[in-house]
Amino acid sequence: MEMKIPLAVGLLALLVAAMAVTTAAHDDDDVPFTDEDLESEQSMWNLYERWRAVHASSSSSHLGDIESRFEAFKANARYVSEFKKKEGMTYKLGLNKFADMTLQEFVAMYAGAKVDTGAFASISEAEEEEEVVGDVPTAWDWRQHGAVTPVKDQGGCGSCWAFSAVGVVESAYAIVTGKLYTLSEQQVLDCSGAGDCSGGYPSKVLTDFAVKKGIALSQYYPAYSATKQACRTAAGTPVVKMDGAASVAYANEAALKQSVYKQPVSVAIEANSNFQLYSKGVFNGPCGTSLNHAVIAVGYGVTTDNINYWIVKNSWGTRWGESGYIRMKRDIAAKEGLCGIAMSAIYPIKKTAAISSMVDAVASY
């Protein structure tokens, strides 16, 4: 099965592909350090000051006084130091912008995915088994086909569920129509009823709100503020609607691979300390299956030393991971997939390229 994006997004595809080439090398925001920096309280403080010079605008600044931030930073610096000494690891950790937060603080602010088994159960078997693609390429990356918007930042709000849902709607629309629009996470946060800054359900956005109401184009809704506010969708606001949603077979990475080849998929994972401090490489855990964070699988690939991985788009800005992305090991022994990535996967359905004349007339990427 061959999938092509119309020439209308050709230039954007080239730009995104060029950005992807530099992704793996992006770790400029991880503050380097040596064992000597950890030897004393003073050297630790000097390291923390160097880190603060890079990450002065960290979203953790309001969590407490500088002493408590320093204590969290010291614990994370020691953790990263010990991790660096392990042999045979396929990924690296670093002192990134989240390095002065405890895991509990981090999860509370930057995770927030909830799994609604009822929503998945409501998806008919016909939709769940919508299409079997058959043989798929060894590697596939939707960023190289003009179907993925740039990495966004949810800020200190547990709205990952909104970003994951919006991202896959953006991609589904682009694949069918050839028009890649940036849609509004703030509108979904305000109006969908699927959650708030304490967490929410991507499935409810995709099976209900994106079908019945539609998601507003970002330039026609107030800018994202990392806080839930009153719904402000005005009559006549240009929106993108989906025709339905489909779930991927539970605990089946092969099925997830086929779905991701068709289009980017919203997935839930467990984000832990190693995820928090991830810098680059193919993440291979350890992690469990206590799903708490929603992200987007936008492709898959294989390293030169034959490690299969998922290409995962996050919503923590470009100063985390590989320019906002993480590669996660694929085809592991556990059926649930690494960090539970194959346990709760869902994607929107767009059946026709016909679009609202209002959207087509006024929207531009």
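A residue counts as buried when its relative accessible area is under 20%. By that cut-off, helix H7 is mostly covered, with 17 of its 18 residues buried. The model is predicted.

**Helix H7**
- Helix H7 runs over residues 160-177, and its end C-alpha atoms are 26 Å apart.
- That distance agrees with the span of 26 Å that 18 residues should give at 1.5 Å a residue.

**The cis peptide bond**
- Glycine 285 and proline 286 are joined by a cis peptide bond, with omega near 5°.
- Proline 286 sits in the loop that links strand S9 (278-283) to strand S10 (293-302).

**Positive phi outside glycine**
- Asparagine 306, a residue other than glycine, has a positive phi near 65°.
- The loop between S10 and strand S11 (308-313) holds asparagine 306.
- Asparagine 306 has a relative accessible area of 65% and is therefore exposed, since the cut-off for exposed is over 50%.
- Serine 323 also has a positive phi, near 55°, and is a residue other than glycine.
- Serine 323 belongs to the loop between S11 and strand S12 (325-329).
- Serine 323 is buried, because its relative accessible area of 18% falls under the 20% cut-off.

Note on methods: Residues numbered from 1 in each chain as written. Predicted model: local features only at pLDDT ≥ 70, side-chain atom pairs only at ≥ 80, totals over all residues. Heavy atoms only, no water. Helix = DSSP H or I, 4+ residues; strand = E, 2+ residues; numbered from the N terminus. Buried < 20%, exposed > 50% of the residue type's maximum accessible area, 1.4 Å probe, protein only. Expected span 1.5 Å × (residues − 1).
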